[in-house]
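The exercises below are meant to be worked through with the sequence and the 3D view open side by side. Try each task before reading the solution that follows.

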Amino acid sequence: MGSCAVVELQRNAPKWSKVIDEIVRMEKKIFPKHESLARSFDEELKKRNSGLLYSDVDGDVAGYVMYSWPSSLCASITKLAVKEGYRRQGHGEALLDEAIKKCRTRSVQRISLHVEPSRTPAMTLYKKLGFRIDDLIAGYYSPDRNAYRMYLDFDE
């Protein structure tokens, strides 16, 4: 087991383009075309109210999480992905945990996310970290693919 760290991607980081390239490759592999942010990644991250954390394992990007806080009350986890060879090793949990902490520092009251009901490992992870199912959104991803909306509330 080499060194592993959850790193916040800074706009002017020297590794910016290398990390983005790796993430874009992961996006294309993991997500269906219309859901992939590959083309709009840079725009997405230029927004002031969004962040990206990635899991760095010996210089390799093992996974990443994107989050945003469109309002002062609510944040959302917009993407969470872990490379196939790194799954079931706690990277997803470490990333999500760190993203939750980052959102908490913005003093938001709720974090929400959407997940496909068939993605059992993701659902299990979200529940483990305290997310609850709010609602089933029919046709969220595409006409025949639904999503659960899940949320985590912070007690005042």
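**Exercise 1.** How close do the axes of helix α3 and helix α4 come, and at what angle do they cross?

*Solution.* Keep in mind that this is a predicted model. Begin by locating the two helices, α3 at residues 91-105 and α4 at residues 120-128, and then follow their axes, which come within 11 Å and cross at roughly 45°. Angles under 35 degrees count as roughly parallel and those from 65 to 115 as roughly perpendicular, so α3 is oblique to α4. The crossing of these two helices is right-handed.

**Exercise 2.** Which parts of the chain does the salt bridge between R145 and E116 link, and are the two residues buried or exposed?

*Solution.* Side chains of opposite charge can pair when their charged atoms come close. Here the side chains of R145 and E116 meet in a salt bridge, with 2.7 Å from N to O. R145 lies in strand β7 (residues 145-153), whereas E116 lies in the loop between β5 (110-115) and α4, so that the pair, 29 residues apart, links distant parts of the chain.

**Exercise 3.** Determine how R149 is paired with D134 and with D135, and how accessible the residues are.

*Solution.* Take D134 to begin with: R149 forms a salt bridge with D134, and the closest N and O atoms are 2.8 Å apart. This pair links strand β7, which holds R149, to strand β6 (residues 132-142), which holds D134, across a separation of 15 residues. Next, consider accessibility, where partly exposed covers the range between under 20% (buried) and over 50% (exposed). R149 has a relative accessible area of 27% and is therefore partly exposed, and D134, at 34%, is also partly exposed. Now turn to D135, whose side chain meets that of R149 in a salt bridge of 3.7 Å, N to O. Again strands β7 and β6 are linked, with R149 and D135 standing 14 residues apart. D135 counts as partly exposed because its relative accessibility is 37%.

Key:
Residues numbered from 1 in each chain as written. Predicted model: local features only at pLDDT ≥ 70, side-chain atom pairs only at ≥ 80, totals over all residues. Heavy atoms only, no water. Axes fitted to C-alpha atoms, helices over the stretch in contact; angles between N-to-C directions. Helix = DSSP H or I, 4+ residues; strand = E, 2+ residues; numbered from the N terminus. Parallel < 35°, antiparallel > 145°, perpendicular 65-115°, else oblique. Left-handed = near helix turned anticlockwise from the far one by under 90°. Salt bridge = Lys/Arg side-chain N within 4 Å of Asp/Glu carboxyl O. Buried < 20%, exposed > 50% of the residue type's maximum accessible area, 1.4 Å probe, protein only.
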